[in-house]
Amino acid sequence: MRWLRNLFSRDKAYDDLAEEIRQHLEERVESLVAEGMGRIDAEHVARREFGNVTLMEERGREAWQWPSLDSLWPDVRFGLRQIVRYRAFTVMAVSTLALGIGANTAIFTLIDSIMLRPLPYPHQERLMRISGNFPKGWVRAYQEHGQSFASLSGYGTDAEANVEGTDAAERVFGSTVSVNTFDTLGVHPALGSFFARENEIAGRDLVVVLSYGYWQQRFAGDLHVIGQTVRIDGVSRKILGVMPQGIRFPYADTQFVVPISFKGGDATDAWGHPFDKQAIGRLKDGVTTAAAQAEWRRLHKLLMPLFPWVMPTDWEAETTVTPLLDSIVGDTGPRLLLLLGAVGLILLIACANVANLALARAASREREMAIRGALGASGWRIVRQLLVESVLLGLLAGAAGLSAAALSLRALTRLLPADTPRIADVGLHWDVFLFAAVASVLTGVLFGLVPAMRMASPHLQKSLRSGGLSVAGRGSQFRVSMLLVVGQIGLSVVVITAAGLMLHSLYSLSQVNPGFRTGRIVTAEVSLNASACRQPGYCLAFFQQVEQKARTIAGVEDAALVDTLPMTGWDLSYIYDAEGHPRDARQVAKQAAGRTVSTGYFETVGLHLLRGRLLTDSDQSGASRAAVINQKMAETLWPGQDPIGKHLESVADEPSPGMLNPNVASIVVGVVSNTHHDSLASGFDEEVYLPMTRDNEQPQMMVLLHSHLPAAQTADGLRRAVAEIDPLVPVTHVRTLDEVVAASNSTPRSLAILLLGFGALAVGVGSVGVYSLIAYVVSWRTREIGIRLALGAPRWQIVRAVVRQSLLLAVAGSVAGLAGAIVCESLLRRFLFEVRPFDPLTFCVVPLLMLLLAVVAAWIPARRAASIDPMVALRSE
């Protein structure tokens, strides 16, 4: 560390050295004066004897200094003066590079926050998620028999509950978790305690743990909240503790968790439906993910007999064990990496553009470089000086780009789908600043290297010293500039082609008919407490009353009820056996999307009856056991047959697996048209519509209102109607059916919008590059053009020659860009819908667009060239 100490104490060492030299000289002078010599002569003799004082000081300094760093500072100061001197160039270069660096920093911020930052749990790399949906007894069996996990927990996929206040209830996101969940996560309560083992016993489970945010919001951070009670879905629960700040498990919106409990000795409670528990585990030290997965699958076979009934042998047989962070990020990672690739190309385009500008500016610095070379500066010394200048420009652009990224971050997160994982954690962290700094330095080196090497070329120095042609006048420089412009155009074509393919894909997606009417339909969730349906018929009667009152709201033309809306990702599975399809008890049963609907649902959403009849009010008594299926299901189960009168039976209702009982099974009474379930990109699935009866009544239903009034006004009418029945029942999730369908396309839409924005950026920067080069070439050819005009050349020929040169660059760049797009097609394939990666429309439109832009970019320089006065041009030389 001596060099570091010397670096910061050099001034003192220099002063000490000078003082010591001065003392030696003074002592010698005094000695000579004492011998009788005059003082002036003594000083001259002492200095001659001592030697060159300045040289000795320099050698002394060399022994203490860090030569490279010390000599770098003058280069930095000179570079800063150059930046101030060439203000126009500085503004152009910094603004161009700032666009590229800012775009890269913004996308890296998303990647850093979503994919790279660790979860807020200790040793989060050992936290694993096990795929699949299980009954709670299955999770507990693995807790007892598994050896790979130090701790294993389950949590429910159930979501919201009514939390009652003094005068109204609010709908709050919560979940059920195993009592050891926080031990698995490795976190400690911010206040109070977490669940104890006794809380998993039914009757001792009336406790709740709040999230830190909900504690602050509802209880204003009251430190005495522990022990208080809160009514959740009509059940009073004692508050045990508060989660630490920043912990949101299992979902980002979780505001509270309650324990998963068991009724002792009740096999149906532990092993029966719903199979809605997911599992996470913390690996023991030294256990790998692969070993844990192998054990899970091995135990899977051994534990199957624990079910109190026969289970299909292939049920959840392909379960995987995945790091928790990877499972949370899901398929968001590839989309973000695609965007990072796009903005990376934009940065390369910007670098090429600025490199061309720097080459053009080199003409004004030829004499300076020639003098440096004549004075003995080596090529590396000149390269270093020019690279210092370019790096300084890069750092300025980086600061501007980082500011732009910070300002655009909020807008960027709004463009992403609302369900993007960890989107609430997106923010600027220290590694983003490091990324911006490294990107700035690399950018400076990248765009400054070509001009620096050309200016330091021995041939150039020799030519300049001999008074030959300048660097700007040599055709070789234009070849380099043209290659850079061709590269710019090629990279732009790659980005625009990707944007064009995504745009075409989005258009194709928008043309898909969802299969149901969406216009002028408002939807809202009406939620009773979960315990409300324990009183048979209460929920059915309540929602029938809601539907009747909804029809009387002013402006409402029709109203209906359904338990889950299509295309929300929350379809309920109807696992069934069908007449004519016998199944072995060890085979997995058939599965379809199941919906419980009121009789007005089909008319409200415009489903077409293809065969039989629709559900009627009499079916809601349950006596008819009626069911309506969609066309896809009818064609799959009974091709070429009449499906009316066929039987379907839910596996959960079968006394024996695979044994369909026609006396209790549902009877198909009608077939309706197909609808899309998950998204417009997915195909038609099988679908069953069951009437609302006392046997399948549910505490939450979606109300659909077909109205000609604005959505907000219609929703207000629904809230008033529900409040007249029960003022404590919340009406939430109000939106139109159009918004529901649009939300299902949010992922491809956001990707297309971002790529389109980056494509426009690439085109803008690339066009500036073409314009700059053509304008510079025209300026350099002024004398030649003047001679041609003086010899009688028509001005339109001058325009044509300039535009043709620009078009040739565009053609070469487009060909290279299309080749690059073909190479990248495998990256795009997974994001496209009904559009081939080699889409002829996109591959024709993009090159034509680039040719058009090349003409536009060359038009002004071409007109300027054609307007040159021959005599003025000749005199200027």
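**Exercise 1.** At roughly what angle do the axes of helix α26 (residues 795-823) and helix α28 (residues 840-866) cross, and within what distance do they come? Work out the relative orientation of α26 and α28 as well.

*Solution.* Keep in mind that this is a predicted model. Start with the geometry: the two axes cross at roughly 150° and come within 8 Å. Next, apply the cut-off: angles over 145 degrees count as roughly antiparallel. Therefore α26 runs roughly antiparallel to α28. The hand of this crossing is right-handed. Finally, sort the contact residues by class: α26 with α28 gives 22 nonpolar, two polar and one charged.

**Exercise 2.** Describe how helix α6 packs with helix α16, and list the residues that meet.

*Solution.* First, locate the pair: α6 covers residues 87-116 and α16 covers residues 430-455. Their axes lie 10 Å apart, at an angle of about 145°. Now look at the hand, and you will find a right-handed crossing of α6 and α16. Then go through the side of α6, where Leu-97, Ile-101, Asn-104, Thr-105, Phe-108, Thr-109 and Asp-112 take part. Their partners in α16 are Asp-431, Val-432, Phe-435, Ala-436, Ser-440, Thr-443 and Phe-447. Sorted by class, this contact holds seven nonpolar, five polar and two charged residues.

**Exercise 3.** Find which elements have the lowest and the highest mean pLDDT.

*Solution.* Begin with the whole protein: the average pLDDT is 86, and 92% of the residues score at least 70. Among the elements, helix α1 (residues 2-8) has the lowest mean, 57, while strand β6 (residues 207-210) has the highest, 96. One more stretch deserves a look: residues 468-473 have a pLDDT below 50, with 17 contacts in the model beyond near neighbours in sequence.

Technical notes. Residues are numbered from 1 along each chain as its sequence is written. This is a predicted model: local features need pLDDT of at least 70, side-chain atom pairs count only at pLDDT 80 or more; totals for chains, interfaces and linings use all residues. Side-chain values use heavy atoms; hydrogens and water are left out. Axes are lines fitted to C-alpha atoms, for helices over the stretch in contact, and angles run from 0 to 180 degrees between N-to-C directions. Helices (H or I, at least four residues) and strands (E, at least two) are DSSP runs, numbered from the N terminus. A crossing is left-handed if the near helix is turned anticlockwise from the far one by less than a right angle, and right-handed if clockwise. Contact means heavy atoms within 4.5 Å. Ala, Val, Leu, Ile, Met, Phe, Trp, Tyr, Cys and Pro count as nonpolar, Asp, Glu, Lys and Arg as charged, and the others, Gly among them, as polar. Angles under 35 degrees count as roughly parallel, over 145 as roughly antiparallel, 65 to 115 as roughly perpendicular and the rest as oblique. pLDDT is the predictor's confidence in each residue, from 0 to 100.
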